[in-house]
Amino acid sequence: MKITLNNRSEIFKENNLTISEILKIKNYTFKMMVIKINGKLIRKPEYNSATVVEGDNVQILHLISGG
Amino acid sequence: MNFNQIKNKLKNKTVGIAGCGGLGSNCAVALARVGVGNLIISDFDIIEESNLNRQYFFHHQIGSYKAISLQENIALINPNTYVESHNIKLDSENIITIFKDCDVIVEAFDRAEMKQLIIETTHENLPNKPIVIGLGMAGWGNSNIINVRQSDNLFICGDEVNEVSEDLPPLAPRVGIVANMQANVVLEILLKD
């Protein structure tokens, strides 16, 4: 499937993936994140169930301290 | 647009600034200088000497509340900017009550947990409200990797990489770049219509 991940086009061989699976494939081990699928907020308890399919727009924002 | 036209447009606008540290104090001062009419600022913290390496405060203000001191400093720069200051620790409830009528919200916290809290809270309770966050500004040098990126109504300013640590402290130049970048995004939003 082809999706948009953080404003970039990305292709995965699977036809659907959960957020947890995408984090694993991308090797994202961030502690603090804000994740959205097509603008809808996905909270941590939903990472194992929220599914990404062809054409979805996924935003994974890694939050780091400083200000 | 000449500066008078810009000021006329900005005088009826309201910008919320969540946090009055390195990002918030510098961003608020930039917005006051260009003539934003109303600023709603919030912080619970007290000024420490270590803050003066980047925050818009003065040595004699050490020990004073940040929100109140920033209000005083802005009054000295542009008395035409009305500042509403909240000496309060922000949470998922008061973020909404304090900032609900702002045209734009600037996230100016230091801790990642608080950045997450305000993004999630505004996303769910104040949808479509533009929110401008600062993300990644620790250390020095590397100005060229500091960017602005938009994701729906969320504007992300910073390098998104350099987190503060013992050996990578936040310092005036890079924190100032990001704070002013946030102010610049706010201007772009406010002057658009």
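This is a predicted model: local features need pLDDT of at least 70, side-chain atom pairs count only at pLDDT 80 or more; totals for chains, interfaces and linings use all residues.
Biologist: Let's start with chain A. What makes up its secondary structure?

Modeller: Chain A has one helix and seven strands. Going along the sequence, their order is β-β-β-α-β-β-β-β.

Biologist: How do you know that the radius of gyration of chain A agrees with a compact globule?

Modeller: We set the value against a rule based on chain length. For 67 residues the rule gives a radius near 11 Å, and chain A has 12 Å, so the two agree. The C-alpha trace of chain A spans about 40 × 25 × 20 Å along its principal axes.

Biologist: And how much of chain A is buried?

Modeller: Buried residues are 46% of the 67 in chain A. The chain exposes about 3,700 Å², and 48% of that comes from carbon and sulfur atoms. As for contacts with a separation of 6 or more, 54% of those in chain A join residues 24 or more positions apart.

Biologist: Why is N27(A) called exposed?

Modeller: Exposed means over 50% relative accessible area. N27(A) has 62%, so it is exposed. You will find N27(A) in the loop between helix 1 (19–25) and strand 4 (33–37) of chain A.

Biologist: Then why is N38(A) called partly exposed?

Modeller: Partly exposed covers the range between the buried limit of under 20% and the exposed limit of over 50%. N38(A) has a relative accessible area of 47%, so it is partly exposed. N38(A) sits in the loop between strand 4 and strand 5 (40–42) of chain A.

Biologist: What is there to say about the phi angles of these two asparagines?

Modeller: N27(A) has phi near 60°, a positive value in a residue that is not glycine. N38(A), also not a glycine, has a positive phi of about 50°.

Biologist: Now chain B. Which elements does it have?

Modeller: Chain B contains six helices and seven strands. Their order along the sequence is α-β-α-β-α-β-α-β-α-β-β-β-α.

Biologist: How do you know that the radius of gyration of chain B agrees with a compact globule?

Modeller: A compact globule of 193 residues would have a radius near 16 Å, and chain B has 15 Å, so the value agrees. Its C-alpha trace spans about 45 × 40 × 35 Å along the principal axes. Buried residues account for 54% of the 193 in chain B, and 67% of its contacts with a separation of 6 or more are between residues 24 or more positions apart.

Biologist: Why is E107(B) counted as buried?

Modeller: The cut-off for buried is under 20% relative accessible area. E107(B) has 0%, so it counts as buried. E107(B) belongs to strand 4 (residues 104–107) of chain B.

Biologist: What does E107(B) touch?

Modeller: Beyond its neighbours within four places in sequence, E107(B) is in contact with A18(B), L23(B), K115(B), I118(B), V132(B), I133(B), G134(B) and Q182(B).

Biologist: How do you know that the two chains meet?

Modeller: Contact means heavy atoms within 4.5 Å, and 31 residues of chain B are in contact with 18 residues of chain A. The area buried between the chains is about 2,100 Å², with carbon and sulfur atoms giving 55% of it. On the chain B side, E120(B), H123(B) and R149(B) lose the most area to chain A, together 24% of what that side buries.

Biologist: One last point: how are the charges placed?

Modeller: Chain A has 10 positive and 6 negative charges, with mean positions 9 Å apart. Chain B has 15 positive and 23 negative side chains, and the centres of those two sets are 9 Å apart.

Key:
Residues are numbered from 1 along each chain as its sequence is written. Chains are lettered from A and ligands numbered from 1 in the order in which they are written. Side-chain values use heavy atoms; hydrogens and water are left out. Helices (H or I, at least four residues) and strands (E, at least two) are DSSP runs, numbered from the N terminus. The radius of gyration is taken over C-alpha atoms; the globule rule is 2.2 Å times the number of residues to the power 0.38. Buried means under 20% relative accessible area, exposed over 50%, partly exposed in between (1.4 Å probe, protein chains only). Accessible areas come from the Shrake-Rupley method with a 1.4 Å probe; for residues, only the protein chains shown count as cover. Lys and Arg count as positive and Asp and Glu as negative; His and the chain ends are not counted. The place of a charge is taken as NZ of Lys, CZ of Arg, CG of Asp or CD of Glu. Buried area is the accessible area (1.4 Å probe) that two parts lose on being put together, summed over both.
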